[in-house]
Amino acid sequence: MVKSLSLGVALAVFSLSASAEDSLVKYESIYSVKETADRFENIAKNKGLTVFTRIDHQQNAANVGLELRPTEVIIFGNPKVGTPLMQCSQDVAIDLPQKVMITEDSNNKVWLSYNNPNYLVQRHSIEGCDEVIKKVSGVLGALSTAAVAQ
């Protein structure tokens with residue numbers, strides 16, 4: 001699917017903050033929250049993934065008279081990948097479809113974040129699904145790297 005991007009090269013080039021124990025993988029973006037979200041959504045759709053919805057939490061907060069820094073969530077997926085993961089541990093369905101969150105922090109830095117698939121393995125006691133987890137990790141990394149790339 002997203003084989004054209006090398007995750008190894010991407011990790012070496014872009015700011016990434018994660019370890020096997022971290023529940024979130026984060027990429028710093030040079031673009032605004034909206035631009036980063038637009039880029040991610042377009043790339044995901046072009047790779048054949050279904051984008052189910054995009055939530056603008058900042059706008060939702062404004063609608064009820066509250067303030068929030070720019071925060072968007074994109075919910076997307078592909079049953080060819082998600083279904084085998086649920087076959088390994090049906091409980092993982094609570095975390096599917098996949099989500100990315102794009103936020104602006106108090107220092108005006110923009111971050112694209114997602115649940116670390118290794119965290120999901122631990123959370124749901126997934127066993128015997130290493131290849132699926134590897135594929136999910138690769139796709140998430142490649143999509144995220146492309147979205148924040150210049």
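This is a working chat about one predicted protein model.

Q: What are we looking at, and how are residues numbered?
A: A predicted model, in which local features need pLDDT of at least 70, side-chain atom pairs count only at pLDDT 80 or more, and totals for chains, interfaces and linings use all residues. Residues are numbered from 1 along each chain as its sequence is written, and side-chain values use heavy atoms, with hydrogens and water left out.

Q: How many helices and strands are there?
A: The protein has six helices and six strands. Helices (H or I, at least four residues) and strands (E, at least two) are DSSP runs, numbered from the N terminus.

Q: In what order do they run?
A: From the N terminus on, α-β-β-α-β-α-β-α-β-β-α-α.

Q: How much of the protein is buried?
A: Of its 150 residues, 40% are buried. Buried means under 20% relative accessible area, exposed over 50%, and partly exposed in between, with a 1.4 Å probe and protein chains only.

Q: And what share of the contacts is between residues 24 or more positions apart?
A: Among contacts with a separation of 6 or more, 67% are between residues 24 or more positions apart. Contact means heavy atoms within 4.5 Å.

Q: Let's take H2. What is its span?
A: H2 covers residues 33–46, 14 residues, and reaches 20 Å from its first C-alpha to its last. That is close to the 20 Å expected at 1.5 Å a residue; the expected span is 1.5 Å times one less than the number of residues.

Q: Which of its residues are buried?
A: Val33, Thr36, Ala37, Phe40, Glu41 and Ala44. They cover an arc of only 130° around the axis, so they sit on the same side of H2. The arc is that of the directions from the helix axis to the C-beta atoms.

Q: Why would residues three or four places apart point the same way?
A: An α-helix has 3.6 residues a turn, so residues at that spacing do.

Q: What do the buried residues of H2 pack against?
A: Strands E2 (24–29), E3 (50–56), E4 (71–77), E5 (98–104) and E6 (110–115), plus helix H6 (130–148).

Q: What follows H2?
A: Glycine 48, whose phi is positive, near 90°.

Q: Threonine 71: buried or exposed?
A: Threonine 71 is buried, at 13% relative accessible area, and its place is in E4. Leaving aside neighbours within four places in sequence, its contacts are Val33, Ile55, Asp56, His57, Gln58, Met101, Ile102 and Thr103. Its C-alpha is separated by 6.2 Å from that of aspartate 56, 15 residues apart along the chain.

Q: And threonine 53, where is that?
A: In strand E3. Threonine 53 is partly exposed, with a relative accessible area of 33%. Beyond its neighbours within four places in sequence, it is in contact with Val73, Ile74 and Ile75.

Q: New topic: what volume does the largest pocket have?
A: About 250 Å³. On a 1 Å grid over the protein atoms alone, a pocket is an open set of points with protein on both sides within 12 Å along at least five of seven lines, and lining residues have an atom within 4 Å of a point. Grid points are joined across faces, edges and corners, and the volume is the space filled by probe spheres set on the points.

Q: How does the lining divide by residue type?
A: Into 14 nonpolar, five polar and no charged.

Q: Where is the cis peptide bond?
A: Between leucine 96 and proline 97, with omega about 0°. Proline 97 lies in the loop between H4 and E5.

Q: What is phi at asparagine 108?
A: Positive, about 65°, although asparagine 108 is not a glycine. The residue is in the loop between E5 and E6 and counts as exposed at 59% relative accessibility.

Methods
1 Å grid on protein atoms, 1.4 Å probe; cavity = no way out; pocket = protein on both sides within 12 Å on 5 of 7 lines; lining within 4 Å. Nonpolar A, V, L, I, M, F, W, Y, C, P; charged D, E, K, R; others polar.
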